[in-house]
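Work through the exercises below with the sequence and coordinates open. Each task is followed by a stepwise solution.

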Amino acid sequence: MIDRDEVVELVLCRIKESGAEYGDVRMVESRSQVIYGEDRRIARVQDSEDSGFGVRVLYRGAWGFASSSVLTAGEVRRVSDLAIAIAKGSNALVNDPVTLCPEPVHVDSVVTSARVDPFSVPLEEKTRLLLETMETLHKQAGIARSSAGLWARRDKKVFASTEGSKLQFDLLAVEGDFEATGVHDGRFASRSFNTPHLRTGYELITDAQFLKEAPRVAAQAVEKVKAPEVTAGRYDLLLDPEHLSLTIHESCGHPSELDRALGYEANYAGTSFLTPDKLGSFRYGSPHINLVADNTEPDTLAATGYDDDGVTCQRWDIIREGIFVGYCTNREVAPKIGHTRSRGSNRADSWGSVPMVRIANIGLEPGRSNVDDMIADIERGIYIEGHGSFSIDQRRYNFQFGGDAFWLIENGKRTHMLRDVIYHGITPEFWGKCDAVADASHRRRFGFITCGKGQPGQSGWMTHAAAHARFRNVSVIPGRAGA
Amino acid sequence: MTDPSIDTGNTGDAVNAEGLITREQFRRLADLVLKTSEGDQTFLSLHDVSGGTTRFANNQIVQNVNTHRVSLAVTVSFGRQQGTATATDFGEDAIREMVRRATDIARVSPEDPEYMKPLPPQEYVPLKTIQQDTAFAGPEKRIMYAAEAIHRCQAGGLTAAGIVASSVAAVGLAAKTGLFAYEPRTEAKFSVTAISGEASGWAANVHRSIDALGVPARTRVAIHKAKQAAGPREIPPGRYTVILEPSAIACLIAPMIWMMDAKSFYKRTSPYEGKLGRLIMDRRLTLSNQTRHPDLLGNGFNSEGLPAEDLVWIQDGVLKQLRYDRYTAQEHHVHPSPAFDAPYLLGTPLGQDLAATEAAGAEHLAYPSLDELIASTSRGILVTNFWYIREVNPTDMTLTGMTRDGVFLIEDGQITTPLVNFRWHESPFRAFSNVEAFTAPTDAVSNENWKMQLPAMKIADFNFSSVTRF
């Protein structure tokens, strides 16, 4: 084993000697704890440690990357030389050499603010919480199955570049959830409760009050499975913040990734209908829509101080009053559309992965409406909470979303639950139907840690905030075979 | 097909060459862990993987990576209490620390009523899980194949995006019960999207052998599709006769396999409730797994150490077998069958049993080709692949997804027009009950699934629910 400083020095020295124009090294020590309960039992408790280093080299406009979990001097030399060799080999197949846009040198450290370190909380306390939560769920007649889980992760990371930046990170993230499944008349349906994934301490779990929420979740699971199926037609939709976080992620987040718009993901995750020629002029949604990327908001997943290019986290507009005005970028792709600085959205999911453009913390800015007034102004509509089925095409036009819970709104009043609600549309047409966004008192945040992109696949982390939003005259169908 | 002359014996040469942990090194590691642990039972699993991916887009390499990750997981149990710890640091002190962490968790964890002691020693039949060409490929060979795909697309006036990937792994399991398993495995992947303006074509393969990926042939397919797909026309959504190529069929088969778990079945939260022993798809279709198939990626053992086993899951359209974890299998007095490696879907002519068909071999039976399926269709839609498949209704397994990288109208037995992509909304139960004809099984790879051998199928009344903009 060699220490961090020795690794950094050894890697950067070899990169500089190779004649490469740029290089960096990331060393990451990750610790994660997963506690998962299912049907009144603790099925798994796992404490994982994952450490290693990744070396990125830019040689005559071509990238090379190599990484290893083996921390010996010999392996550090081998991996550094391999990254250099790969960059040199790639050079033969580069027709548009990479030129990184400039970024000031940063020397800094970033630490997540947490009241209670999740790894300091006794395991017995955590398993007891999950078992009691599941027991509470099963007290509700009609509940057949349950699950409950807690997750925590700490990443200690060092980033150092040949330009002189040296950054240290000690980042935490926490999440908890539970779910009840009701069975009725040959059908089954689940209702879930999720804390957001946030960069906080265990206080997130304590404040969520699982035991207080569990009876409601169980009762709604049973009500949901017994609820009438939605009738196909056009409805006004009132979407809650948790639900909107997924709609924003899929229909705004991914299309605003500049690498997708430039074709980098054409073979897998897809491209984007938000092509560079539309920047600054394309009407994405109604004037009520202001979608802002904010990687500076405390506690959010992408607010890490700096990204994996060593670029400072920032706040900027993606959609302003309905017009497409901004992309998520890194140092490689920003210059390709004439930008002189990266937006700092380059992130890798581990030491073993190369960073790429990821969705920022894109959120829907609050409006001025009150939720009760928004419902009162709906004659025939559906109120949707939480995440359900989701699917979208490879350019992010045609989407389809379900949800976790649905209520029929009739004549300005939220009435009974519905089941199997699916709405679908074309992204800019859908956002164009938004006629009201609730005020800041309704704003909530939800994080994602399983955003899939890249080959080999990586999981991106980001937070999407929103207040309730109303969409008029949206096509709804029942989600079942033959519908 | 794999060259049978290649030495695929598990000699560990390639493992040594990549600096992976050898069988003997793993045995010594296991001895240390098992000796260190105070648990009533201790189980450890090793995953030592070295590999890389060359990624290209816009006719150039945009990402070229190589990673070596060695990780060990240890589960310690006292009675029915258990805990698991993992680490990537293999120093002796780090391993002792990992065992201590697992022990500490186990001592305070609640008893698990479904706890299962690790398996006793098992007998494993060696499978050809490693191919030397892949094990020794390295970045040079990946770049070479990427260049081939790029140059072919460029020569056709198209833009290429895709990957060439290869990896070699050492996988090991050991337990206090005496269980010991070790297997080197290789895997190679190729996929390419050929782009012509707004149109695209796609092809892919996954194989143990990088040289068996068929890069030139697959690239030609992608180029042909992209050229055919130029200038798509929009037609209304609705129910159509479709011909789904094997990649699209994989997108319907994969969820069926995922949802076959027996625990959900017995707890009444499975779409298979009431369907065991009943007809769930066309009587001519039989789904099995064939771990020894030379073009599939069967492993010698699963994550708990159960030996590879070939089973028939759906026979002549009838659901015969669920995926039983060890606890549920014990509860229901059946043999555990948690894994589903190397899926193989064979269409058997009516009146002929599976054994006779297998004895003849699919290649000797008179299956129509994909072209013949098209020629037999008066009006229908040919689908290359699906994308972003998600469950819509867990009770009846309704799924949704998009068509991708080549959708074509068939009229009077010929492809006449490229079409704008559709969203679809369908249950595999329903789709596979409406099968009209099928080809012999062949390689089936899609972006979100693992390698299978599946036929292309002609299916009536498939539900396209909306169209998109391209």
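**Exercise 1.** What percentage of the 483 residues of chain A count as buried?

Solution. The model is predicted. A residue is buried if 20 or more other C-beta atoms lie within 10 Å of its own. By that count, 58% of the residues of chain A are buried.

**Exercise 2.** Compare the radius of gyration of chain A with that of a compact globule.

Solution. Step one: for 483 residues, a compact globule would have a radius of gyration near 23 Å. Step two: chain A has 24 Å, which agrees. Step three: along the principal axes, the C-alpha atoms of chain A fill a box of roughly 70 × 55 × 40 Å. Step four: of the contacts in chain A between residues at least 6 apart in sequence, 75% join residues at least 24 apart.

**Exercise 3.** Describe the setting of strand β23 of chain A.

Solution. Step one: chain A contains nine helices and 24 strands. Step two: β23(A) covers residues 458-466, and seven of its nine residues are buried, so the rest of the structure largely encloses this strand. Step three: β22(A), residues 444-453, runs antiparallel to β23(A) and is joined to it by eight bridges. In one pairing, A:Arg445 has A:Ala465 in β23(A) as its bridge partner. Step four: four residues separate the strands of this hairpin, and A:Gly454 has a positive phi near 90 degrees.

Terms used:
Residues numbered from 1 in each chain as written. Chains lettered and ligands numbered in written order. Predicted model: local features only at pLDDT ≥ 70, side-chain atom pairs only at ≥ 80, totals over all residues. Helix = DSSP H or I, 4+ residues; strand = E, 2+ residues; numbered from the N terminus. Rg over C-alpha atoms; globule rule 2.2 N^0.38 Å. Buried ≥ 20, exposed ≤ 12 C-beta atoms within 10 Å, placed from the backbone. Contact = placed C-beta atoms within 7 Å. Pairing = 2+ DSSP bridges.
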